[in-house]
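Q: I would like to learn how to read aromatic contacts in a model. Can we work through one case?

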Amino acid sequence: MTNKIEVSWKGQMLFESVTDEGSVLIDADEAVGGQGKGLRPKKMMLTSLAGCTAMDVTSLLKKMRAEVDGFKVLVEANLTDEHPKYYDKVHVTYQFFGSDFKKDKIEKSVNLSVERYCGVFEMFRQFSDISHEIVYINQ
């Protein structure tokens with residue numbers, strides 16, 4: 001399968017990325033001419049990672065009948081100091097909110113996403129030390 005996008009310049013450092021599914025604005029930091037009107041490219045990578053694994057986990061939890069009251073994915077990444085700057089260490093935290101957790105099914109869902117289904121997770125493995133953890137928050 002081939003994926004295609006189109007990125008168009010909108011002035012200064014602002015660009016619009018368009019796909020069949022929708023569009024997103026991309027902008028640079030204000031220090032280099034950005035206007036704060038869009039996501040930074042590297043942070044979009046982290047957003048893609050979180051979104052990919054979150055969709056996997058949500059789908060798997062539903063199939064396993066292990067739904068929770070709430071769910072968040074937090075990503076923290078270390079950006080190298082020298083150019084080309086990239087994320088050399090990434091940590092993904094899965095936060096589950098509720099009171100009656102089916103922990104075995106939740107952990108299975110997360111592990112299936114991390115090890116098998118999330119292609120973005122696999123891409124990050126190619127250039128970073130990536131880790132994850134699961135946190136349960138009783139409400």
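Q: Does Phe71 count as buried, exposed or partly exposed?

A: Buried means under 20% relative accessible area, exposed over 50%, and partly exposed in between (1.4 Å probe, protein chains only). Phe71 has 24% relative accessibility, so Phe71 counts as partly exposed. Note that this is a predicted model: local features need pLDDT of at least 70, side-chain atom pairs count only at pLDDT 80 or more, and totals for chains, interfaces and linings use all residues. Residues are numbered from 1 along each chain as its sequence is written, and side-chain values use heavy atoms, with hydrogens and water left out.

Q: How many aromatic pairs does the structure hold?

A: Rings of Phe, Tyr and Trp (its six-membered ring) pair if their centres lie within 6.5 Å; planes under 30 degrees apart are stacked, over 60 edge-to-face, the rest tilted. The structure holds four such pairs. One of them is Phe71 with Phe96, stacked at 4.8 Å centre to centre and 15° between the planes.

Q: Which parts does the pair of Phe71 and Phe96 tie together?

A: Strands here are DSSP runs (E, at least two residues), helices likewise (H or I, at least four), numbered from the N terminus. Phe71 lies in strand 4 (residues 70–79) and Phe96 in strand 5 (residues 87–98), so the pair ties together parts 25 residues apart in sequence. Phe96 is buried, at 0% relative accessible area.

Q: What is the geometry of the pair Phe101 and Tyr136?

A: Tilted: 5.0 Å centre to centre, 55° between the planes. Phe101 sits in the loop between strand 5 and helix 2 (103–117), Tyr136 in strand 6 (residues 129–138). Phe71, Phe96, Phe101 and Tyr136 form one aromatic cluster.
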